[in-house]
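Let's take a walk through a protein fold, one piece at a time. Have the picture open as you read.

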Amino acid sequence: MATRQVEVTVNTDGAVVIRPHGRVDAGVTVELRHALVEVIRHTRPPRLILDLADVEELDPLNLGVLAAACLLGDDQRVAVFVDHCSTALADELIAAGVSRLRLRHVHGPSLVRDARRLAQLLLAGLPERWRHTVGVATRAEGIVDTLPAEADAGALVAAAWLHDIGYAPQVRDTGFHPLDGGLHLRGIGWPDRVACLVAHHSEAMCIAEVWGLADRLAEFPREDTAVADALTYADQTVGPNGRVMELDERLADMLRRHGPESPNAKAHPGRAPRLREAVRRVESRQCTAA
Ligand SMILES: [Fe+2]
């Protein structure tokens with residue numbers, strides 16, 4: 001009897017997982033399409049996960065089958081996610097019409113590129129926020145020499161791209177953007193370090209306490225490192241339109257925009273000294289690195 005190339009299992013939470021194996025070519029199309037249609041039309045689980053971890057190759061025909069399955073899932077109210085695909089395959093799936101938001105655990109060397117793409121997608125309707133984000137990511141790239149390791153540089157620049165995605169309407173949940181950004185990234189399977197950096201960027205805990213969201217934010221471990229400092233530095237020395245500015249100018253602008261009764265203003269006395277310290281530490285590391 002031939003070995004099945006498409007495995008179907010059910011998780012304890014009711015999600016169905018479909019795992020194709022090996023080379024997914026014309027010889028597998030019928031089996032794959034049958035499994036997908038059967039699950040989406042008849043089983044109708046709350047979530048269908050297409051786990052591509054074992055896929056060595058996926059031909060264009062089957063790429064189209066997976067893209068069509070995502071649309072069929074939408075029709076049938078089955079949330080379809082694609083897990084563990086390679087970066088190259090992720091690009092092909094996106095080109096075939098699969099939303100980046102469905103793709104989970106796509107990482108590796110392309111972390112920064114994926115972060116930029118996701119931020120651009122989510123902030124498409126917020127041009128001022130996007131210009132700020134571009135400025136912050138550029139600023140972050142310029143201070144990677146203050147970090148101890150290359151892996152830290154990827155985490156920093158990815159977090160810089162993503163740090164304000166919590167403002168996007170499709171990401172907004174609690175209304176506190178660092179927490180919403182972190183929750184979103186965790187939810188779609190980004191590396192937890194990036195989610196945590198986003199959740200805590202620019203001393204978010206000080207403001208979360210005013211919002212009454214400290215407990216929620218504490219679900220994200222806070223790192224106290226050169227990476228966290230560099231992210232704060234980049235964010236706090238770039239203004240709303242992406243213009244580089246001194247910390248004091250940035251803080252004054254922030255207080256003016258948010259208003260005296262805002263959570264930002266209430267958190268300011270405790271937060272500002274911490275921001276100044278982070279900026280000072282980065283500048284000191286820049287001197288050492290030079
Ligand atoms: Fe920001």
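## The sheet

Here 5 strands line up as an open sheet, in the order β1-β2-β4-β6-β7, with mixed pairing. The edge places go to β1 (6-10) and β7 (103-104), each with a single partner strand, so one side of each has no neighbour in the sheet. Strands (E, at least two residues) and helices (H or I, at least four) are DSSP runs, numbered from the N terminus, and two strands pair if DSSP finds at least two bridges between them.

Now zoom in on β2 (residues 16-20) and β4 (residues 47-51): they run parallel, joined by 3 bridges. One to look for is isoleucine 18, whose bridge partner in β4 is leucine 50.

## Where the model comes from

This is a predicted model, in which local features need pLDDT of at least 70 and side-chain atom pairs count only at pLDDT 80 or more, while totals for chains, interfaces and linings use all residues. Residues are numbered from 1 along each chain as its sequence is written.

Next up are α5 (residues 127-141) and α11 (residues 226-236), which pack at an angle of about 135° with their axes 8 Å apart. That makes α5 oblique to α11 (angles under 35 degrees are roughly parallel, over 145 roughly antiparallel, 65 to 115 roughly perpendicular, and the rest oblique). Axes are lines fitted to C-alpha atoms, for helices over the stretch in contact, with angles from 0 to 180 degrees between N-to-C directions.

Who touches whom? Val136, Arg139 and Ala140 in α5 meet Ala230, Leu231, Ala234 and Asp235 in α11 (contact means C-beta atoms, placed from the backbone, within 7 Å).

Terms used
Contact = placed C-beta atoms within 7 Å.
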